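Here's a quick walk through one ligand site and a couple of the residues that line it. Have the sequence and the 3D view open as you read.

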Amino acid sequence: MTVVVGLTGSIASGKSTVSLMFDDYNIPVIDADKLSREVVEPGEKAYEEIVYTFGSSVLREDQTIDRKALGNIVFQDEEKRKQLNSIVHPAVRERMLTKRDDYIAKEVRAVVLDIPLLFESNLMDYVDKVLVVYVDEGTQLSRLMERDGSSEEEAMSRINSQIPVAEKAKKADEVIDNSGSKQSSYDQLDHILRKWGIVA
Ligand SMILES: CC(C)(COP(=O)(O)OP(=O)(O)OC[C@H]1O[C@@H](n2cnc3c(N)ncnc32)[C@H](O)[C@@H]1O)[C@@H](O)C(=O)NCCC(=O)NCCS
Ligand SMILES: Nc1ncnc2c1ncn2[C@@H]1O[C@H](COP(=O)(O)OP(=O)(O)OP(=O)(O)O)[C@@H](O)[C@H]1O
């Protein structure tokens, strides 16, 4: 039977970093952030809805979505974020579940759903086990600012748009503390996969 693992955390806690580690175990990962980019490409229904709702100021010259401009709007305004979520999330969920079920049909040992907003969107029923990638707040802020080249204010508005990662950690089946080195996180992942019987 396939074990469906929900990988989550908060922004810049290290989900993508940990999700790459599953490659070494040949465990497939379905990435909700990646799907959320696919479903807003020109021609998709969600693209049309975003242009209708937010106007052409969120478009680049080549007519693709200007993600920075849209991010500046939605991370400062909860109502607008909810509007965007209601456009993008249904399409992401549909694609994610189709992919998940394809892997289950192939009877793979495990499949990972990398879903940043697993708890915020109440998607715990989509998975068998929840793995939270935790990081302390100071490290989260400095890694986010460095990765995105953002100001402290911009970074904090993104962090505050999600449930604090410490709260998510309390609800997890297992937690990886990614405040230390990547090797330390790798070792923690290895231990968890053996404990869950996914790796022998
Ligand atoms: C606002 C957008 C355009 C900003 O794009 P950008 O390329 O700057 O960021 P990216 O998509 O890579 O997301 C980075 C991280 O931001 C956080 N984040 C993204 N959207 C949201 C949201 N609606 N609420 C809270 N956090 C979010 C997540 O931790 C995510 O991993 C984009 O994030 C978006 O379309 N968001 C709505 C869809 C969504 O919820 N995606 C995340 C999970 S499916
Ligand atoms: N253990 C670590 N040591 C040092 N840097 C790290 C570590 N883990 C992650 N990073 C760096 O921190 C940043 C955030 O990590 P990552 O992109 O994996 O987070 P994420 O949770 O996927 O973020 P998002 O929610 O935005 O998708 C990246 O620049 C990454 O290289």
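**Ground rules**

Two residues are in contact if their C-beta atoms, placed from the backbone, lie within 7 Å. This is a predicted model, where local features need pLDDT of at least 70, side-chain atom pairs count only at pLDDT 80 or more, and totals for chains, interfaces and linings use all residues. Residues are numbered from 1 along each chain as its sequence is written, while chains are lettered from A and ligands numbered from 1 in the order in which they are written.

Leaving out residues up to four places away in sequence, lysine 15 touches Leu7, Thr8, Gly9, Asp114, Pro116 and Val133. Lysine 15 sits in helix H1 (helices are DSSP runs of H or I, at least four residues, numbered from the N terminus).

Lysine 15 is buried because 26 other C-beta atoms lie within 10 Å; the cut-off for buried is 20 or more, for exposed 12 or fewer, with partly exposed in between, using C-beta atoms placed from the backbone. Serine 16 is in helix H1 too, but it has 18 C-beta neighbours inside 10 Å, so it counts as partly exposed.

**Around ligand 2**

There are 16 residues around ligand 2, and Lys15, Ser16, Thr17, Arg143 and Arg147 come nearest (a residue is near if its C-beta atom, placed from the backbone, lies within 6 Å). Helices H1 (15-21), H6 (137-148) and H9 (182-195) each give two or more residues to this shell, and H1 has the largest share, with three residues.

**What UniProt says**

An unreviewed UniProt entry lists Ala12, Ser13, Gly14, Lys15, Ser16 and Thr17 under "binding site". UniProt positions follow the numbering used here, feature names are shortened, and annotations may be inferred rather than shown by experiment.
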